[in-house]
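Open your viewer and get ready to click along. This short tour tells you what to select next and what is there.

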Amino acid sequence: MKRKRQRIFLAAGALLAAVALVVVWMNKNRSQMEKSEIIKIGVLIYKEDDTFVSGIVEEMKRQFKDYERENGSRIRLDFSYAEENQSIQNEQIDKYLSLDYDVLCVNLVDRTEAAIVIEKAKAADVPVVFFNREPVAEDLQQWDRLYYVGSDAKESGTLEGLLVADYYQKYPEQLDRNQDGVIQYVLLEGESRHQDSLIRTEYSIQTLVEEGFSLERLDGGIANWVRSQGEALTTQWLREYGSEIELIISNNDDMALGAIDAVENWHVKFSNIVGIDGTPEGLAAVEAGKMIGTIVAGQEEYARVILDLAERMARREALDGLAIREDKSIRVPMYSINSDGEIRRLEEEGNERN
Ligand code: GAL
């Protein structure tokens, strides 16, 4: 009798242990499945041939390959281009949502049209990382699964003004060529509705004024970030103002490169040109002394932050360690570099200008 009871206890114990083992195994398997679940990221770009944005896209693809090599296929990454048409982009968004994508990274065509995109994403409970083309502040506040990644336009404009101011300190006669104590300039602007055009223009000029410069704007015009348009406008100005022009301020590198093309075609020696972006061609022009300098908004860092944020949101992971500001943006740090190879960062100056 005693023996029989012992056997029953033993059998019950063994059964319990087996059940416990199965539960542990199932839990382990479930958490492994969750971790290895493939997430689908849709990236929507406003147009295909924007140099700076293409640099970010190339970086995303490169980092994605590295990631796959290290972690296996845990992410699927797809890109769509909208030919500068917001309706096309909206259709692309519908397509990704109908295919159950887990997160969207959106480089808006029209930054004032974010509400439509947000409405669609929210209805499908798919988070969005906007980047480079910044939605207006109220739109970003519409839902807690929306963020913006971009550089700080005020910072880039300020750094651009400082590039010119520093250049003047070193080479005053090269800037104020007619020695009248006033810098005569022309200004190449990006798209009229883009946050970077308006704010960079304002802060590059304001910084120069704060640095004590007297300025005279000879002319300015919109060249939509495009090199050929920058060249066309600069050619027109060279024809009109000739050697009166002492400085060409550009909202980005591509238009500055267009200005260099114009100057070279005009057969004049002129390199008082500043740009923003730090694209490979922009940096090469700075190094070759064809430009005073540029502002580098690291495309590598841009891509890293976008992908990291997108993956974490899709997996509903915590966002700690990401420098998210109160306005739900993450700002990619930038620095200026001049043709003497000198680098300047605002955060090292205690951000007192920001
Ligand atoms: C700006 C950049 C421009 C252009 C634009 C597109 O930040 O400086 O070169 O790429 O974004 O949205």
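We start with a pair of strands and then move to the ligand.

The model is predicted, so to speak of local features a pLDDT of at least 70 is needed, side-chain atom pairs count only at pLDDT 80 or more, and totals for chains, interfaces and linings use all residues. Residues are numbered from 1 along each chain as its sequence is written, and side-chain values use heavy atoms, without hydrogens and water.

**Stop 1: two strands.** Select residues 182-189 (strand 6) and 214-222 (strand 7), which pair in the parallel sense over 8 bridges. Strands are DSSP runs of E with at least two residues, helices runs of H or I with at least four, numbered from the N terminus; pairing takes at least two DSSP bridges. Click L187: its bridge partner in strand 7 is G220.

**Stop 2: the ligand.** Which residues are around the ligand? Select Y46, D50, F52, V53, N132, R133, H194, D196, R200, W225, N252 and D277, each with a heavy atom within 4 Å.

**Stop 3: polar contacts (N or O pairs within 3.5 Å).** Ligand oxygen atoms lie 2.9 Å from a side-chain N or O atom of R133, 2.8 Å from a polar side-chain atom of H194 and 2.6 Å from one of D277. Helix 2 (51-71) and helix 8 each give two or more residues to the shell around the ligand.

Note on methods:
A polar contact is a pair of N or O atoms within 3.5 Å; within protein, one must be able to donate a hydrogen and the other to accept it, and residues adjacent in sequence count only if both atoms are side-chain atoms.
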